[in-house]
Amino acid sequence: MDLQILWFILIAVLFTGFLFLEGFDYGVGILLPFVAKTDRERRSVINTIGPVWDGNEVWLLTAGGAMFAAFPNWYATLFSGFYLALFVILAALIMRGVAFEFRSKLPSPRWRAFWDHAIFAGSLLPALLWGVAFANILKGLAIDASMTYTGTFFDLLNPYALVGGLVTLGLFTLHGALFLELKTGEKVQQNVRKMVKRLWLPVTLIAVLFIIFSLFQTDLISRFNAVNIIGLILAVAGLLAAGWFVFKARFGRAFVSTGLTILGVVCLIFATLFPRVMPSTLGHDLTIYNASSSPYTLQVMTVIALTLVPVVLAYQAWTYWVFRNRITKNAHLEY
Amino acid sequence: MDPITLARLQFGVTTVYHFFFVPLTLGLSILVAVMQSLYVARGDEKYKRMTKFWGKLLLINFAMGDVTGIVQEFQFGMNWSEYSRFVGDIFGAPLAVEALAAFFIESTFLGVWVFGWDKISKKAHLAAIWLVAFASNLSAFWILVANSFMQHPVGYRIAENGRAEMTDFFALILNPNVWLQFPHVVLGGLTTGAFFMVGVSAFHILRKKAVSLDEYWLSMRLALGVGAIAVLATMLFGHAQGQRIADTQPMKLASAEGLWHSEDPAGLSMFQIGDETNRKSVINFRIPSLLSLLSYNSTNGKVLGLNDLQAQYEQQYGPGNYIPPAIWLTYWSFRAMVGAGVLMFFMAVMGWVLSARKNADTFKPRWLLTAMVPALLLPYLANSTGWMLTEMGRQPWIVQGLMTVDQAISPNVTAAMLWISLIGFTLIYAGLIAADVYLLQKYARLDMSGTGKLVPWTGRSPAEAPLKDTI
């Protein structure tokens, strides 16, 4: 197998990790003002992701770094092309990260309310914008012969991409709600359950709308292959299963199901793109071959990544085990 | 302003800001790990209180370094896409390794440390903070591997398509520049952590309002010892770096010295007013031969001046301006960095000697304690000016000798877009640093006894609510 193909898969894996883990972090942040009213409730919600959110965010940094190392042209075209969108994402992530740490450090209700807003907006904007970004990549962008995006910021805000943004926003919120169901107790847990039931149908409908939209707005039909068909089935089946398990009050399984939907979406997107990484509407596609590093760099990075990724997975899994308990009313809070 | 100036300004602002927070994380994480080791080894609750107190300050600081670091990774692609295409092969690799090998450990185990006090065994919990300290400093290593390539490119070839390609990963790691810059930076971090502890402890020892002053005294003693050694070692590695750039980046040395014309032997400038338009100095007080001595360990030796290097580079690289754009800044940055270093060294040694066999009540003189409080800003001055010298002194190159900054910029990022992000980041960062300093000064004034009481700034400060449920 070409190392380019391996790295394409590895980057898909890193994005899956990022979207799965940060997905529920974003969802928790978005739901914060709606499922928790008192200060103690708010703190318990934030503490559900307290020990893990930062480690989860490193999946994004690693995906970005891996893209830079393995496909410099992909990294350069994507990051310069989505300049203003990424600026908004960065601003959101900065405010949100600091908010977790600062919020409960002072007793003032105004101080805490300010950071609660930062957590909400800082989670909502990236949840929406990652969907917009991926939908645009799938749709194809005006990329010229020098691999430079020549469109504007407002070209990125087309209806198809915005529906894509709503899909990730809805999916992450649902995923986060299911995570919260598993990690909270008492009043918050009851609020979360109501929220899950309200969210499921609109999220499923918008996802179906996006898939139908994709048949017309992208070249999905002409590029069906085993992997993106499986991805498509997984995405839809995951959502349906989540609905079923919610109905049966089996929330752990419902959470796994929304996780499978996220995996399915990544498979769908990456397998439809392959071997392109950024299709161009001007006929200058970036592919895993013209965007990649030299074989030597890919070899070095392969050895490093294949050694370290399993270790990272092992100790991150261990931390989820350490912090497996629900945050109930008697729990000790740090954030 | 043109896009290049704006993009450079944005990189400067975001990087200097990011590096306000990083060194304290590097140094204080090690010092907190040492204090917790003492707690685990001796079982003395005093050390646990110290660990928790300094750990809180570490966390408030860590959050800022963490989130501003994401910007650093993204903006190479956002603002410098041509640079990213040209060196991605080489520069991307250490960045990816930094995330995989260091950031994951750092973030994951910091979470374990903060939330795991009662959840895992004492020893596993101690291991968590050591992993955080180790991984933070490891991340400094990888980013400096990347930066060293920009200062002194090695282990690469220029491929047929014009891109730089990696040929030897180990040459990148073994880049001599790394092995001077990395110790210089992490020891600078340790100095920052130590002076932070000294400054905060000195405040409490002066005010004498905390229930038990012992913890602050122990903290100060530890930090003075570590600080004296760390600052001396930082300066020695800095000196070695200076000697090295005499060889590899003579333009940077000349710009640090404001040396317009080559001299043999060269004198060390103490105070200079230059005229950058006419490329000469107007007023210059010098100590004869000292620059030659510092550069070559000999009272003789030619140090090349900016004008001669300009002529030499024009021959080598073609017509253009190869003199860094703000000599006054590199010149004064160098002096601020060295001045801060020397001052810190004397303060730390003096404090260490005078505090031996004393305690918080008997320590004299008081003026030294008073001076130590604002002295916690000295490492910040040295850290910032050090990077300004390193990066400004390399201009107009982005990668020394291979690519200039104006070739590196993203072609599709307009001045308007840059204004939006520059103003946006500057405002967000200004707001956050205000919030951060506000929080730090509150938590630094905490009484370690665990009551949440704050020691007031002065005898006349208004009463403040205790930080009861947040410690």
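In this predicted model, the contact between the two chains draws 57 residues from chain B and 55 residues from chain A, where two residues touch if their C-beta atoms, placed from the backbone, lie within 7 Å. On chain B, the elements that each supply at least two residues of the side touching chain A are helix H2 (45-79), helix H3 (81-115), strand E2 (164-166) and helix H15 (415-444). H3(B) gives the most to that side, with 23 residues. By residue class, the side of chain B that touches chain A holds 34 nonpolar, 16 polar and 7 charged residues. Here Ala, Val, Leu, Ile, Met, Phe, Trp, Tyr, Cys and Pro count as nonpolar, Asp, Glu, Lys and Arg as charged, and the others, Gly among them, as polar.

A word on conventions: residues are numbered from 1 along each chain as its sequence is written, while chains are lettered from A and ligands numbered from 1 in the order in which they are written. The model is predicted, so local features need pLDDT of at least 70 and side-chain atom pairs count only at pLDDT 80 or more, whereas totals for chains, interfaces and linings use all residues. Helices (H or I, at least four residues) and strands (E, at least two) are DSSP runs, numbered from the N terminus.

Now to the chains themselves.

A residue is buried if 20 or more other C-beta atoms lie within 10 Å of its own, exposed if 12 or fewer, and partly exposed in between, with C-beta atoms placed from the backbone.

From the N terminus on, chain A runs α-α-α-α-α-α-α-α-α-α-β-β-α. Its radius of gyration is 20 Å, close to the 20 Å that the globule rule gives for 335 residues, so chain A is as compact as a globular protein of that length. That radius is taken over C-alpha atoms, and the rule is 2.2 Å times the number of residues to the power 0.38. For chain B, the radius of gyration is 24 Å, which agrees with the value near 23 Å that a compact globule of 471 residues would have.

Of the contacts in chain A with a separation of 6 or more, 81% involve residues 24 or more positions apart. In chain B, 74% of the contacts between residues at least 6 apart in sequence join residues at least 24 apart.

Let's look at one helix pair. In chain A, helix H9 (residues 226-247) and helix H10 (residues 251-273) pack at an angle of about 160°, with their axes 7 Å apart. That makes H9(A) roughly antiparallel to H10(A), a label for angles over 145 degrees. The contact of H9(A) with H10(A) comprises 17 nonpolar, 8 polar and 1 charged residues.

Finally, two individual residues. Leu174(A) sits in helix H7 (residues 159-183) of chain A and is buried, with 31 other C-beta atoms within 10 Å. Beyond its neighbours within four places in sequence, Leu174(A) is in contact with Gly27(A), Val196(A), Leu199(A), Trp200(A), Val203(A) and Thr258(A). Phe20(B) lies in helix H1 (residues 3-42) of chain B and counts as partly exposed because it has 19 C-beta neighbours inside 10 Å. Phe20(B) and Thr192(B), 172 residues apart in sequence, are 9.9 Å apart in space, C-alpha to C-alpha.

Notes. Axes fitted to C-alpha atoms, helices over the stretch in contact; angles between N-to-C directions. Parallel < 35°, antiparallel > 145°, perpendicular 65-115°, else oblique.
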